[in-house]
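Student: I would like a close look at a single part of this model. Please pick one residue and walk me through its surroundings.

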Amino acid sequence: MRFASLLLLSLGLMVAGCGKKSSTTPQPVANTEPAPPPEPVQPAEPTTKTPKATPSDAELEVLFARTLDFLDQFADAIAANESNCPKMATAMTGVFDAHKELLAQAKSFEGNEDVDAKVDAYMETHKPRVEAAMGKMMKGMQTCAGDPDVQKAMEGFDAM
């Protein structure tokens, strides 16, 4: 999952913030009626997905470089639209759509411990670039975290 984590590092902050209300947002009045009893939960089907085999170091290097390009483009899309949440959501979706193949590849390595270890090393080596992208998107993410269009864009990403 760490390869996907490299892709999702910036998105994780956004997802975490999407459901949170800022301290300046008025809070709803509590409902005084008791909540209905919870629906019975059906157990999830067990997944036995086998991770994709580890590619060569050269192939991973190319894949990881493409991941950083994705991250840069995602940060640019957010920063360029930080004061217009609907446009930000559209730009985010455009970046996701343009990188569908990369995102699918990242998910195919979930559970591959060799890839996870190599991602950790790569992220550490490229930490300044990752942090720069994160910093670039912070204002927009804070502004639009609760926006329904941005949340819908993230749901579309999660479904990929």
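Tutor: His-99 is buried, because its relative accessible area is 12%, under the 20% cut-off. Keep in mind that this is a predicted model.

Start with the location. His-99 sits in the loop between α3 (85–98) and α4 (100–108).

Next, the side chain. A polar atom of the His-99 side chain lies 2.9 Å from the backbone oxygen of Val-95. Then look beyond the local sequence. With neighbours within four places left out, His-99 is in contact with Phe-70 and Gln-73.

Now the confidence. Helix α3, on one side of the loop that holds His-99, has the highest mean pLDDT among the elements of the chain, at 96. Helix α1 (residues 2–18) has the lowest, at 45. Over residues 9–30, pLDDT stays under 50. The model has 27 contacts beyond four places in sequence for that stretch. For the chain, the mean pLDDT is 78. Of its residues, 69% reach 70 or more.

Finally, step back to the chain. It has seven helices and zero strands. Along the sequence the pattern reads α-α-α-α-α-α-α. His-99 is buried, and 33% of the 160 residues count as buried. Take the contacts between residues at least 6 apart in sequence: 88% of them join residues at least 24 apart. The chain exposes about 9900 Å². Carbon and sulfur atoms supply 57% of that area.

Terms used:
Residues numbered from 1 in each chain as written. Predicted model: local features only at pLDDT ≥ 70, side-chain atom pairs only at ≥ 80, totals over all residues. Heavy atoms only, no water. Helix = DSSP H or I, 4+ residues; strand = E, 2+ residues; numbered from the N terminus. Buried < 20%, exposed > 50% of the residue type's maximum accessible area, 1.4 Å probe, protein only. Contact = heavy atoms within 4.5 Å. Areas by Shrake-Rupley, 256 points an atom, 1.4 Å probe, with all protein chains shown as cover. Polar contact = N/O pair within 3.5 Å; in protein donor to acceptor, adjacent residues only side chain to side chain. pLDDT = per-residue confidence, 0-100.
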